[in-house]
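Please look slowly through the sequence and the model below before reading on.

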Amino acid sequence: MRTNIGETATRCLRHLESCEFDEVRAMCTETATVWHNDGKGDQTIDEKLEQLKPLAGVVGSLRFDITRQFHSANEVLQQQVLRLTMPDGARSEVHAAMYFRFDGHLIDRMEEYAYEVGSA
């Protein structure tokens, strides 16, 4: 039975929310790549996860709210809002479109175009 790739993409984000980086890595192919509009270009999944690890000690909480999700045989495209709360109570929202490409049941590519809305 084939896994629903939309649910797999969502599960990946839930692991990121919980800073479960090893679980995220296990969901990806050995050669998985990540692109983000932060100007760094393509990165390996390992490079991206190393970049995210320090956030675990800085961010109070984060939550991905998926507003729309579309998928085909091996691709997922979704709109989402990342809601961040800092330990001092400051909040911000990052709106994004995110793309996942799968090789079998593993994520082989992620792309994210994001922009921050503002702080409260």
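The term pLDDT stands for the predictor's confidence in each residue, on a scale from 0 to 100. The model shown is a predicted one, in which local features need a pLDDT of at least 70 and side-chain atom pairs count only at pLDDT 80 or more, while totals for chains, interfaces and linings use all residues. Residues are numbered from 1 along each chain as its sequence is written, and side-chain values use heavy atoms, with hydrogens and water left out. Over the protein chain the pLDDT averages 91, and 94% of the residues score at least 70. Helices (H or I, at least four residues) and strands (E, at least two) are runs assigned by DSSP and numbered from the N terminus. Among these elements, helix H2 (residues 21-26) has the highest mean pLDDT, 98, whereas strand S6 (residues 106-119) has the lowest, 86.

In what order do the elements of the protein chain run from the N terminus on? The order is α-α-β-β-α-β-β-β-β, which comprises three helices and six strands. Along its principal axes, the C-alpha trace spans about 45 × 30 × 30 Å. The radius of gyration is taken over C-alpha atoms, and the rule for a globule is 2.2 Å times the number of residues to the power 0.38. For 120 residues a compact globule would have a radius near 14 Å, and the protein chain, with 14 Å, agrees with this.

A residue is called buried at under 20% relative accessible area, exposed at over 50%, and partly exposed in between (1.4 Å probe, protein chains only). By this rule, 36% of the 120 residues of the protein chain count as buried. Accessible areas come from the Shrake-Rupley method with a 1.4 Å probe, and for residues only the protein chains shown count as cover. The accessible surface comes to about 6,900 Å², of which carbon and sulfur atoms hold 52%. A contact means heavy atoms within 4.5 Å; among contacts between residues at least 6 apart in sequence, 48% join residues at least 24 apart.

Turning to the strands, two of them pair if DSSP finds at least two bridges between them. Strand S1 (residues 28-36) and strand S2 (residues 43-44) pair in the antiparallel sense over two bridges, and in this pairing Thr-33 stands opposite Thr-44 in S2. S1 and S2 form a hairpin with six residues between them, and Gly-39 in the turn has a positive phi of about 90°. Further along, strand S3 (residues 61-71) pairs with strand S4 (residues 75-85) in the antiparallel sense over ten bridges, with Val-81 in S4 as the bridge partner of Asp-65, and a hairpin joins S3 to S4 through three residues. S4 also pairs with strand S5 (residues 91-103), again in the antiparallel sense, over eleven bridges, where Gln-78 stands opposite Met-98 in S5. The hairpin of S4 and S5 has five residues between the strands, and Gly-89 in its turn has a positive phi of about 95°.

Some single residues now deserve a look. His-15 is found in helix H1 (residues 5-17), and His-15 counts as buried because its relative accessible area is 17%. Leaving aside neighbours within four places in sequence, His-15 is in contact with Glu-20, Glu-23, Val-24 and Met-27. In the loop between H1 and H2 lies Cys-19, which has a positive phi of about 55° although it is not a glycine. Cys-19 is partly exposed, since its relative accessibility is 30%. Ser-18 is found in the loop between H1 and H2 too, and the C-alpha atoms of Ser-18 and Leu-62, 44 residues apart along the chain, are separated by 8.2 Å.

Not counting residues up to four places away in sequence, His-36 touches Gly-41, Lys-48, Glu-112 and Ala-114. Gly-41, for its part, lies in the loop between S1 and S2 and is partly exposed, because its relative accessible area is 26%.
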